[in-house]
Amino acid sequence: MFVERGPNASLEEIARRADVGIATLYRHFVDRDTLMRAVVLHALNSTIDAVEQARRDHADPFDAMAAYIHAVLEIGTSAVIPALLSAIDLDEPELKAARITSARRVVELLTDARTSGGLRADAAFADIGLALVRLSQKLPGPFSAEEQKALAHRHADLLIAGLRADAAKPALSGPAMELADLRQMVQDSEI
């Protein structure tokens with residue numbers, strides 16, 4: 001609901017879709033802010049788990065990165081966090097810790113994929129992170145939920161193919177933004 005309607009999504013509709021009464025929702029989450037915080041924390045922790053699972057399941061770092069990309073699409077991290085970004089405090093200690101751990105694990109995954117020769121040298125942290133945000137957005141038109149999901153994974157496969165190291169590929173245009181660049185951009189925008 002938050003992805004579809006943003007931070008002001010109806011709590012009654014959220015309860016209905018969860019197949020619980022509104023009183024049950026309020027017993028678990030005292031207010032909207034508590035619910036939104038829990039949703040974002042769950043997404044971040046699930047992302048950390050996805051990196052760890054991908055590493056366990058795939059000896060090749062590039063294959064682990066590809067599995068991580070598909071897992072994040074399933075989790076919805078790159079859809080829910082942008083939808084709630086303006087309504088939550090990502091610097092709240094528990095969210096900040098999860099955000100830092102998540103980013104660190106992804107950076108390690110990408111570094112390993114690059115070092116192993118699988119990931120093209122000019123692919124940056126933001127290339128993957130921002131592409132996941134784009135892939136997580138609903139396509140316009142009459143696509144069903146199943147078609148939306150299938151197309152997101154197909155487009156992720158195209159992204160993954162483009163991320164594979166290959167001397168014949170042309171250099172990427174536009175800025176290569178690492179995690180530090182994104183952090184600086186956020187700090188600059190707050191001034």
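At what angle do α5 and α9 pack, and how far apart are their axes? The angle is about 155°, and the axes lie 10 Å apart. Axes here are lines fitted to C-alpha atoms, for helices over the stretch in contact, with angles running from 0 to 180 degrees between N-to-C directions. Helices are DSSP runs (H or I, at least four residues), numbered from the N terminus.

A word on the ground rules: this is a predicted model, where local features need pLDDT of at least 70 and side-chain atom pairs count only at pLDDT 80 or more, while totals for chains, interfaces and linings use all residues. Residues are numbered from 1 along each chain as its sequence is written, and side-chain values use heavy atoms, with hydrogens and water left out.

**Two helix pairs**

As for handedness, a crossing is left-handed if the near helix is turned anticlockwise from the far one by less than a right angle, and right-handed if clockwise.

| Pair | Angle | Axis separation | Crossing |
|---|---|---|---|
| α4 and α7 | roughly 25° | within 9 Å | left-handed |
| α5 and α9 | about 155° | 10 Å | right-handed |

Where α5 meets α9, the contact (heavy atoms within 4.5 Å) includes Phe 62, Met 65, Ile 69 and Leu 73 from α5, and Ala 152, Ala 156, Ile 160 and Leu 163 from α9. By class, this contact has ten nonpolar, two polar and three charged residues. Ala, Val, Leu, Ile, Met, Phe, Trp, Tyr, Cys and Pro count as nonpolar, Asp, Glu, Lys and Arg as charged, and the others, Gly among them, as polar.

On the other pair, α4 residues including Arg 37, Leu 44, Val 51 and Arg 55 meet α7 residues including Glu 94, Arg 105, Leu 109 and Asp 112. That contact has nine nonpolar, four polar and eight charged residues.

**The cores**

A nonpolar core is a set of buried Ala, Val, Leu, Ile, Met, Phe, Trp, Tyr and Cys residues joined through side-chain atoms within 4.5 Å. Buried means under 20% relative accessible area, exposed over 50% and partly exposed in between (1.4 Å probe, protein chains only). The largest core has 32 residues, and those with the most contacts inside it are Met 65, Tyr 68, Ile 69, Leu 119 and Leu 163. Helices supplying at least two residues each include α4, α5, α7 and α9, and the largest share, eight residues, comes from α5. Tyr 68 touches Thr 47, Ala 50, Val 51, Ala 54, Val 106, Leu 109 and Leu 132, not counting residues up to four places away in sequence. Apart from this core lies another, of 20 residues, among them Met 1, Ile 14, Leu 84 and Ile 88.

**Some individual residues**

Asp 19 sits in the loop between α2 and α3 and is exposed at 72% relative accessibility. Its phi is near 60°, a positive value in a residue other than glycine. Most residues other than glycine have a negative phi.

Ile 22, in α3, is partly exposed at 31%. Beyond its neighbours within four places in sequence, Ile 22 is in contact with Leu 11, Glu 12 and Ala 15.

Arg 164 belongs to the loop between α9 and α10 and is partly exposed at 39%.
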